[in-house]
Amino acid sequence: MNQRSSNLLDEALGLDQVIEPWPLRGRVVAIEDQVETSGSFVLHHLLKRSLSPNSSNVTIFIAFSQPFSHYDRILRKLGCNLVSQRDNSRFFFFDMLKLQCPDGDEGITPEGGLIALYGKIHKTISALPEISWKNVSIIIDDLSLMEVAANGSSDYVLDFLHYCRTLTSEFDCSLITLNHEDIYSSEDRPTFFIQMEYLADILIKAEPLATGLATDVHGQVPKCYSCFIVG
Amino acid sequence: MAESIYRALRDGALEGELAPALTIKDSVASPFALQVFSHVISQLFSSILAGKSQSRGLVVVSFSRSPSFYLDLLKNKGTDVASSNKQIQILDCYSDPLGWKDQLAGSRNFTALSNEAMVSSNAIVFREVKHMDKLYNSIIELGKGLVGGGKIRFSIAIDSADEMLRHAPVSSVARLLSNLRSHDQISSIFWLLHSDLHEARVTAVLEYLSSIVASLEPSHQLANGQRGDLENFSLIKHNSKKGKFHVRFKKRNGRSEEVHIEQSGINFASLPSEGAINQGLVPKVQFSLQLSEKERIDKANVVLPFEHQGNGKPIQIYDGRRSLVDSKHERPVSAVENVQTNENCGSGEIIYYRDSDDEMPDSDEDPDDDLDI
């Protein structure tokens with residue numbers, strides 16, 4: 001079932017055909033999940049596809065949720081060696097678990113906080129050969145923890161995401177984010193969450209089945225395209 | 001209705017009056033404001049190039065899309081943008097709205113790319129989006145650079161009001177928009193707004209500042225909290241390509257149209273009758289929920305047992321006793337209420353005897369009106 005659902009997901013995202021140039025180039029992909037059904041598997045799958053041996057794609061992984069060893073362990077089971085990819089400069093892992101933006105200045109200083117993170121991402125992509133720029137994926141896991149690191153300032157996180165989005169225009173790379181729907185469901189107006197939906201070109205929701213838990217089927221993933229095609 | 005919008009923006013402002021202002025409003029359920037906004041830009045710009053509009057230039061203030069998005073949009077509509085930089089300028093609030101790139105370059109953690117540093121002849125980068133006053137001055141300066149001073153006017157397109165509201169308080173944004181509308185060189189101004197990102201009062205403020213409000217709504221409303229439900233998925237898919245486009249003019253109410261979003265562009269069409277839209281949503285049950293034609297005629301022919309039928313004609317109800325007044329105007333009466341206006345009517349009879357002569361005929365007044373609870 002997992003194999004089949006992976007293929008359906010690949011097909012939906014255009015990843016079942018050639019993956020160079022990267023089909024998601026220039027796009028913002030937002031993955032939304034809930035406690036009952038984690039969307040991390042979509043992230044892992046996209047990471048595995050991006051680092052496929054048939055391509056020269058590069059992934060920049062911004063981790064707020066888990067350390068490198070966690071992803072390494074999971075990707076090994078999927079047949080991908082993150083350590084060697086990192087050594088070959090195809091996988092850049094930015095460990096943000098300990099990031100704590102200084103109180104009050106909201107990253108005004110470029111030395112710390114999200115401004116510095118943006119600068120680091122920009123520098124990493126610029127250092128690659130120009131031909132590789134459109135094959136770069138920036139993956140963020142996950143946005144709710146980024147908000148925590150920014151002392152709850154969703155505006156600051158939105159500013160950072162805006163600048164990441166300018167990277168997709170500037171370099172034609174892709175941006176993939178994970179966020180948790182149920183964290184914001186109790187708010188009257190979940191502005192931050194809705195902002196992400198407007199920002200995204202492709203929205204992937206992982207949610208539990210209407211019939212409840214099952215041993216072999218874990219959930220369903222409807223995908224909505226919101227894509228403005230010029231021409 | 002879409003045509004009326006183009007006409008209003010094309011005709012522009014009358015001397016001494018505020019410039020027409022359009023809000024294009026949507027929500028996540030029907031997120032087509034950007035497509036409509038882009039469509040309005042391309043239509044207005046075509047009029048400007050053809051010399052058919054009051055405005056002689058267009059300033060696009062872009063927050064959520066890069067300048068190249070709009071230049072490519074116009075190029076794909078057949079406009080030679082390279083030679084029209086005297087008619088369109090883009091204030092680029094997208095690339096570096098908060099000056100982060102400048103700060104990083106200053107601390108040597110950043111290498112500006114050579115193509116990034118290239119200044120397009122059509123776009124100027126703006127780095128202080130939190131300061132509405134500076135934004136106002138930059139917009140006016142850019143517009144005057146296009147059309148010169150004097151009486152020649154230009155139009156402004158803002159994408160989007162949400163970003164302005166994120167960076168500045170609503171009062172500052174309202175002041176900016178109001179000042180732009182009152183400037184004697186502004187022909188027309190329009191902006192897009194995602195209504196579900198703001199409190200109702202903020203949306204209301206922007207609507208009050210507008211002379212035209214265009215709202216995009218989903219064709220089919222989904223029940224709350226069921227966006228991800230697979231049973232609603234077909235409705236979501238339907239809503240992803242179509243919506244309702246409702247336009248309201250300050251001076252008069254508008255009508256609704258249906259909007260179709262396709263790969264090649266956008267189409268507006270009159271709404272089909274409500275019955276046709278809802279036909280697919282009527283549940284299939286074993287009894288009939290609709291009236292047949294014969295049933296409808298019979299229903300219209302039923303005479304209600306009231307003393308008046310609401311058609312202005314007084315009806316006499318014989319109460320079984322002749323009062324002194326009535327005896328002077330004796331006419332053949334029977335024990336049957338004489339209110340049948342249609343001779344072909346059925347066989348119903350209502351016999352009503354008044355309790356006393358003092359009893360007033362039934363009136364429309366609510367007998368409980370004088371209760372003081």
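**A cavity, a helix and a buried serine**

Hi everyone. By class, the lining of the second largest cavity has five nonpolar, two polar and three charged residues. Before I go on, please keep in mind that this is a predicted model.

Let's stay with that cavity. Rolling a probe the size of a water molecule over the atoms shows where empty space is left. Which residues line the second largest cavity? From chain A there are A:Asp159, A:His162 and A:Tyr163. Chain B brings B:Phe63, B:Cys93, B:Pro97, B:Leu98, B:Glu163, B:Arg166 and B:His167. The elements giving two or more residues to this lining are α7 (154–171) of chain A and α7 (161–167) of chain B.

Now over to helix α1 of chain B, which covers residues 2–11. Its buried residues are B:Ala2, B:Ser4, B:Ile5, B:Tyr6 and B:Leu9. A reminder for reading that list: an α-helix has 3.6 residues a turn, so residues three or four places apart point the same way. After α1(B) comes B:Gly12, with a positive phi near 75 degrees.

Last stop, A:Ser174, which sits in strand β5 (residues 174–180) of chain A. Is A:Ser174 buried or exposed? A:Ser174 counts as buried, because its relative accessibility is 0%. And what is A:Ser174 in contact with, leaving aside neighbours within four places in sequence? The partners are A:Trp22, A:Leu24, A:Arg25, A:Gly26, A:Arg27, A:Val136, A:Ser137, A:Ile138 and A:Thr168.

Key: Residues are numbered from 1 along each chain as its sequence is written. Chains are lettered from A and ligands numbered from 1 in the order in which they are written. This is a predicted model: local features need pLDDT of at least 70, side-chain atom pairs count only at pLDDT 80 or more; totals for chains, interfaces and linings use all residues. Side-chain values use heavy atoms; hydrogens and water are left out. On a 1 Å grid over the protein atoms alone, a cavity is a set of points where a 1.4 Å probe fits but cannot get out, and a pocket is an open set with protein on both sides within 12 Å along at least five of seven lines; lining residues have an atom within 4 Å of a point. Helices (H or I, at least four residues) and strands (E, at least two) are DSSP runs, numbered from the N terminus. Ala, Val, Leu, Ile, Met, Phe, Trp, Tyr, Cys and Pro count as nonpolar, Asp, Glu, Lys and Arg as charged, and the others, Gly among them, as polar. Buried means under 20% relative accessible area, exposed over 50%, partly exposed in between (1.4 Å probe, protein chains only). Contact means heavy atoms within 4.5 Å.
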